[in-house]
Structures are given as structure tokens and as C-alpha cells.
Amino acid sequence: MTPDELKFALRVETVLNSLPDPEFRQMVVEVLMVIGLVGKCSDIASLGDSIVVEHIIGHAHSLFLRDQV
């Protein structure tokens, strides 16, 4: 791991640890994992501005809350 990768990993960990709700934190991790897999397995060279992570997480959170009722 390079120093830049370590700094990135620490930054991601800091952001995840700042999320108080464990369910929401898990959704964020899963969304990021799916986006990473899409980028890794896809023939798309760049996703550009076509993905807004906040919208995906917000929609996933809404679905989660709806399922809890």
C-alpha cells in the first residue's frame, strides 16, 4: 500500500466512523462496494458524473426505512 492509498483508507474510515447509525453505515459500505465492482467488471472506461452516490444511498435508506414499517 502506498502512502496515498493509506491516506485514502484512513479518510474513508474516518468518514464511515462519523456515521452514527450502523445500518446506514453498512448501506454506504455496500453501495461503495457495488460501485467498485461495476467499475472493475464493466467495459466502461469511466463513470464520470453519471453516478451520484448520495442519491443511491438516499434511495437505499428510504427503501430500508419503508421495509421496517
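**View 1. Helix 2 from end to end.** In this predicted model, helix 2 takes in residues 22-41. Count along it and you will find 20 residues. From the first C-alpha to the last, the helix reaches 28 Å, close to the 28 Å expected at 1.5 Å a residue.

View 2. Which residues of helix 2 are buried? They are Met 27, Val 28 and Val 31. Looking down the axis of the helix, you can see these buried residues fall within an arc of 100°, so they line one face of helix 2.

**View 3. What lies over the buried face.** The cover on the buried residues of helix 2 includes helix 1, residues 3-17, and helix 3, residues 53-68. To place these elements in the whole protein, note that it has 3 helices and 0 strands, in the order α-α-α from the N terminus on.

View 4. Val 28 sits in helix 2. Why does Val 28 count as buried? Its relative accessibility is 10%, and buried means under 20%. Apart from neighbours within four places in sequence, Val 28 is in contact with Leu 16, Leu 19 and Ile 57. Val 28 and Ile 57 are 29 residues apart along the chain, yet 6.3 Å separates their C-alpha atoms.

**View 5. Ile 57 and the nonpolar core.** With neighbours within four places in sequence set aside, Ile 57 touches Phe 24, Val 28 and Val 31. The largest nonpolar core has 5 residues: Leu 16, Leu 19, Val 28, Val 31 and Ile 57. In soluble globular proteins, nonpolar side chains tend to be buried together.

**View 6. The protein surface.** Across the 69 residues of the protein, 9% count as buried. The accessible surface comes to about 5,700 Å², and carbon and sulfur atoms account for 63% of that area.

Technical notes: Residues numbered from 1 in each chain as written. Predicted model: local features only at pLDDT ≥ 70, side-chain atom pairs only at ≥ 80, totals over all residues. Heavy atoms only, no water. Core = buried A, V, L, I, M, F, W, Y, C linked by side-chain atoms within 4.5 Å. Buried < 20%, exposed > 50% of the residue type's maximum accessible area, 1.4 Å probe, protein only. Contact = heavy atoms within 4.5 Å. Helix = DSSP H or I, 4+ residues; strand = E, 2+ residues; numbered from the N terminus. Expected span 1.5 Å × (residues − 1). Arc of directions from axis to C-beta. Areas by Shrake-Rupley, 256 points an atom, 1.4 Å probe, with all protein chains shown as cover.
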